[in-house]
Amino acid sequence: MTDETMTIRQMCDAFDVTPRTLRFYESKELLFPIREGQKRLFTRRDRARLKLILRGKRFGFSLEQIRQLLDLYDIGDQQLTQLERAFEIAQERLADLIRQREDLDQAIGDLREQLKWGEDMIASMRRPQDAAQ
């Protein structure tokens, strides 16, 4: 191994992923390690791509969206197209997350109301039993 490449174990340790994850991303053609027999060597480019893949997944981007963004890197416009598309996808994702948060806030409020109603009902039903004893 050189400073330019990392083994699968080193990649797993560096990025806190499993070998299975790396092989999966390779099978989806998101990573392109150098193959030496059964051995995989990951280049700096692979490391940069994995960093972007993991960031995209954390933000909830689909693998297809991530692939499209990674493919835009080589267009030759100093990544302007890639950055613009990433910005668009990120704006869409943020809007989705805000909508989901609003839905969750509503569901939480509704559930709290139902729990309060249930608590009040249980308390009122117990009062006659307590009085009879």
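A: Arg44 is partly exposed, with a relative accessible area of 48%; buried means under 20% relative accessible area, exposed over 50%, and partly exposed in between, with a 1.4 Å probe and protein chains only. The model is a predicted one, in which local features need pLDDT of at least 70 and side-chain atom pairs count only at pLDDT 80 or more, while totals for chains, interfaces and linings use all residues. Residues are numbered from 1 along each chain as its sequence is written, and side-chain values use heavy atoms, with hydrogens and water left out.

The partner of Arg44 is Glu4, and the closest N and O atoms of this salt bridge are 3.2 Å apart. A salt bridge here is a side-chain nitrogen of Lys or Arg within 4 Å of a carboxyl oxygen of Asp or Glu. The pair links distant parts of the chain: Glu4 belongs to the segment before strand 1 (5-7) and Arg44 to helix 3 (residues 44-58), 40 residues apart. Helices (H or I, at least four residues) and strands (E, at least two) are DSSP runs, numbered from the N terminus. Glu4 is partly exposed as well, at a relative accessible area of 43%. Side chains of opposite charge can pair when their charged atoms come close.

The structure holds nine salt bridges. Another of them joins Glu64 and Arg67, at 3.2 Å from N to O. Those two residues are three apart in helix 4 (residues 63-71), so about one helical turn separates them. Glu64 is partly exposed at 39% relative accessible area, and Arg67 is partly exposed at 22%. In helix 5 (residues 80-132), Lys116 and Glu119 are likewise three residues apart, about one turn of the helix. Their salt bridge has its closest N and O atoms 3.9 Å apart, and Lys116 counts as partly exposed at 45% relative accessibility.

Together with Trp117 and Met125, Met121 makes a nonpolar surface patch of about 350 Å². Patches are made of residues with over 30% relative accessible area and no salt bridge; like charges are joined within 9 Å, and nonpolar side chains (Val, Leu, Ile, Met, Phe, Trp, Tyr) within 5 Å. Accessible areas come from the Shrake-Rupley method with a 1.4 Å probe, and for residues only the protein chains shown count as cover.

The loop between helix 4 and helix 5 includes Gln78, whose phi is near 60°, a positive value in a residue other than glycine. Gln78 is exposed, at 72% relative accessible area. Gln79 is found in that loop too; its phi is near 70°, again positive, and it counts as partly exposed at 25%.

For the protein as a whole, the secondary structure comes to five helices and three strands, in the order β-α-α-β-β-α-α-α from the N terminus. The radius of gyration is 25 Å, well over the 14 Å that the globule rule gives for 133 residues, so the protein is more spread out than a compact globule. That radius is taken over C-alpha atoms, and the globule rule is 2.2 Å times the number of residues to the power 0.38. Along the principal axes, the C-alpha atoms fill a box of roughly 80 × 35 × 20 Å. Buried residues make up 23% of the 133 residues.
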